[in-house]
Amino acid sequence: MDLAEAFRNYRETIVGKWVDYTLSTYTSSDFFKREKDQFANPIGASVREALDSLFVMMSKGTDPVEFKGPVEKIIKIRAVQEFTPAQAVAPLNAVKHITREVLAADKERAVFVKDLYDFEFNVDLAVLAAFDIYMESRERLYKVRIAEIKSGSHILTDSKCPSKLLNEESQEFLKSV
Amino acid sequence: MSVPKLEQLSKSVAQGPSLATGAVPTQDWMDIPAVFKSGNYAYPAKKDKVEYLNSQKGLYFPNAREWSPEDDDWKLPEDWKNIILNGLKERLDKFRSLKIFMDCCVRCGACADKCHFFLGTGDPKNMPVLRAELLRSVYRNDFTLGGKILGKMAGGREMTVGVLKEWFMYSYQCTECRRCSVFCPYGIDTAEITMMLRELLHLVGVGINWILEPASNSNRTGNHMGLQPHTFKDNVEFLVDDVENLTGVRPNISFNRKGAEILFITPSADVFAEPGLYTAMGYMILFEAIGLDYTWSTYASEGGNFGLFTNNETMKKLNAKMYAEAERLGVKYIIGGECGHMWRVLHQYMDTMNGPADFLEVPVSPITGTKFQNAASTKMVHITEFTADLIKHGKLKLDKSRNSHVKATFHDSCNTSRAMGLLDEPRYVLDHVVDNWVEMPENTIREQTFCCGSGTGLNTDEIMELRMRSGYPRANAVQYVRDKFDVNTLACVCAIDRATLTSLNNYWTPEVTVCGLTELVGNAIVQENEGENRAVLDEGLRTMV
């Protein structure tokens with residue numbers, strides 16, 4: 001028996017608690033936790049799917065570059081909800097404590113708690129990735145906002161509308177004086 | 001990083017609301033106040049717009065002033081509470097539906113998890129049942145015997161400034177999409193409760209600019225942007241030039257032409273903003289291909305009706321303009337373009353507000369002879385119904401390969417699907433103009449379609465975050481078909497959708513573009529006289545030539 005097997009055995013328990021903890025950050029979370037249909041409950045299902053695959057990656061030691069996919073799935077959502085940046089990424093960290101707690105509760109596997117350094121380092125990397133993705137998402141949001149303001153305006157500003165021509169004439173005039 | 005203890009993680013380093021959980025409520029919902037901060041509210045209406053609207057015959061928009069939702073003092077009129085309660089009484093007497101909706105909810109919760117605002121925020125006050133309860137609690141307190149005697153025990157509560165602020169917060173976190181009403185066993189239309197909340201708020205001067213400015217522009221020049229007739233005409237003529245450059249065929253158009261058989265009305269966004277422009281080009285190509293005798297109007301230059309998002313009187317007035325113009329020009333009937341709430345107003349309210357339009361004729365397609373009995377009273381046919389009928393009778397020559405760059409899916413707009421039952425026609429059209437299209441999952445389309453998250457005048461940029469989270473249920477389904485079927489185009493039949501889904505996709509699924517259905521029709525149409533002048537259009541009407 002080794003740590004990898006412990007991760008495999010407790011995957012469902014740990015991920016379940018992690019999902020529960022993450023979804024508890026929403027004011028009314030019962031439905032998010034209960035409903036499994038990914039279209040009826042997009043946030044609950046996305047969080048569940050992403051945390052599960054992230055847990056598998058972190059426990060197997062997958063290349064941390066791969067963490068981006070599942071972390072993005074969660075953080076892109078939380079970046080447009082009413083969380084502070086810290087609140088948005090904090091639940092990712094919770095898996096460290098949950099894993100220790102779960103393993104410690106099993107007498108045969110409590111011994112593996114001391115071997116969690118690599119796993120916990122991966123969690124740290126996932127949290128760091130989350131900061132990047134949070135900022136990327138916010139920047140994207142601002143770009144979307146700018147693009148929307150700009151869309152359509154060119155017809156009004158660059159068309160043959162008389163007021164626009166008038167404006168151009170006055171600009172020319174201003175340049176000439 | 002150290003190993004966190006869950007309890008520690010749940011506390012903020014700054015000792016604010018808990019770090020991981022935000023503020024988990026330990027209080028009753030009635031005791032949690034609405035907190036306004038940048039990004040969660042739309043800007044209040046400008047003083048001059050409110051003054052203008054209030055000066056118009058038949059409209060009432062009092063208490064014009066400068067104010068901010070973030071201020072404690074909203075500068076309400078002194079007797080605001082009486083105004084609200086009297087306003088509610090008047091509406092309970094006037095609208096039987098409101099009285100029934102107030103009384104008959106049994107709080108079964110069927111609607112609770114159906115709202116895209118709830119699904120995107122997890123805020124219980126965005127459950128339709130609780131949003132309605134914001135009004136119902138006041139109704140109970142002041143208008144029912146139980147509430148008058150038992151007060152809070154009977155679910156009643158007094159009307160306070162805090163309650164009013166909550167109304168403002170949540171009646172503008174509802175797009176009146178009516179998805180919840182599909183699931184209500186009593187048929188309660190929560191959208192109408194939101195409409196009443198907004199009406200009541202306008203009585204004390206609480207409204208948002210993104211709605212009142214387009215409404216006042218529409219009243220003044222005929223369209224949301226406030227385009228004057230010559231500008232509107234110029235813009236449409238630009239599109240004629242564009243169509244000629246692309247396809248080699250110059251569409252014939254006319255404006256305000258008396259004696260035309262048909263008046264064509266579409267949202268003004270179709271003639272001034274991408275991606276609506278391409279849809280407008282599609283209309284012209286379609287009408288040219290069948291030689292339709294129609295006219296544009298520079299007065300009825302807007303299909304949209306932001307009156308629907310303010311109050312009955314404004315909705316009625318803006319709707320009446322279309323019919324006044326149809327009467328003035330002496331047309332037989334109206335064809336309406338791809339719009340959402342224009343059709344909702346038409347199918348649900350027009351007949352009792354301004355109808356029936358007896359001076360017009362029951363629409364008959366001049367090409368196929370089909371009589372549109374569904375429009376026997378309103379005398380207005382949806383462009384997609386009209387097109388589907390043309391295709392059914394083999395009157396259009398279509399080349400699907402001209403849309404080979406498109407792998408489409410179809411978004412049912414809330415208003416056209418749930419308020420007028422336009423479900424199969426757009427799909428029939430899609431079948432004939434593209435090789436390849438797929439449906440999104442069953443519980444996100446047709447009657448169960450998810451809103452774009454920005455309807456009812458919430459398509460303003462200052463609440464972009466709110467729009468992105470409320471649009472997530474829709475975006476989530478788009479993501480699914482993108483990943484599974486390589487979908488690259490989201491087609492729809494609503495101008496607000498075209499604009500807002502573009503932003504939504506830009507955030508969630510940038511690979512998926514948004515287009516109007518008639519744009520795809522325009523791409524596919526083979527004109528008789530197009531000859532060699534037609535450019536190679538790899539991206540349809542969007543090709544740069």
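**Entry 1: two helices in chain B**

I looked up helix 8 (residues 161–171) and helix 10 (residues 190–203) of chain B, whose axes come within 10 Å and cross at roughly 130°. The model I am reading is a predicted one. Angles from 65 to 115 degrees would count as roughly perpendicular and those over 145 as roughly antiparallel; helix 8 and helix 10 of chain B are therefore oblique to each other. I noted that helix 8 of chain B passes helix 10 of chain B in a left-handed crossing. On the helix 8 side, the contact is made by W167(B), F168(B) and S171(B). On the helix 10 side, I listed T194(B), L197(B), R198(B) and L201(B).

**Entry 2: strand 3 of chain B**

Next I went to strand 3 of chain B, residues 333–336. Which residues point one way from the strand, and which the other? Y333(B) and I335(B) point one way, while I334(B) and G336(B) point the other way. I found all of them buried.

I then looked for the partners of this strand. Strand 1 (residues 262–265) of chain B is joined to strand 3 of chain B by four bridges, and the two run parallel. In this pairing I265(B) stands opposite G336(B). Strand 4 (residues 380–382) of chain B is joined to strand 3 of chain B by three bridges, and these two also run parallel. Here I334(B) has M380(B) as its bridge partner.

I followed the chain from strand 3 to strand 4 as well. Together with helix 16 (residues 341–353) of chain B, these strands make a right-handed β-α-β unit.

**Entry 3: W67(B)**

I searched for W67(B) and found it in the loop between helix 2 (47–54) and helix 3 (80–94) of chain B. Is W67(B) buried, exposed or partly exposed? I counted 17 other C-beta atoms within 10 Å of W67(B). A buried residue needs 20 or more and an exposed one has 12 or fewer, so W67(B) is partly exposed.

Apart from its neighbours within four places in sequence, W67(B) is in contact with P44(B), W74(B) and K75(B). I also checked A45(B), which is 22 residues from W67(B) along the chain; their C-alpha atoms are separated by 8.8 Å.

**Entry 4: helix 4 of chain A**

Last I turned to chain A and its helix 4, residues 68–78. Its buried residues are P70(A), V71(A), I74(A), I75(A), K76(A), I77(A) and R78(A).

Notes. Residues numbered from 1 in each chain as written. Chains lettered and ligands numbered in written order. Predicted model: local features only at pLDDT ≥ 70, side-chain atom pairs only at ≥ 80, totals over all residues. Pairing = 2+ DSSP bridges. Right-handed = clockwise from strand over helix to strand, strands pointing away. Axes fitted to C-alpha atoms, helices over the stretch in contact; angles between N-to-C directions. Parallel < 35°, antiparallel > 145°, perpendicular 65-115°, else oblique. Left-handed = near helix turned anticlockwise from the far one by under 90°. Contact = placed C-beta atoms within 7 Å.
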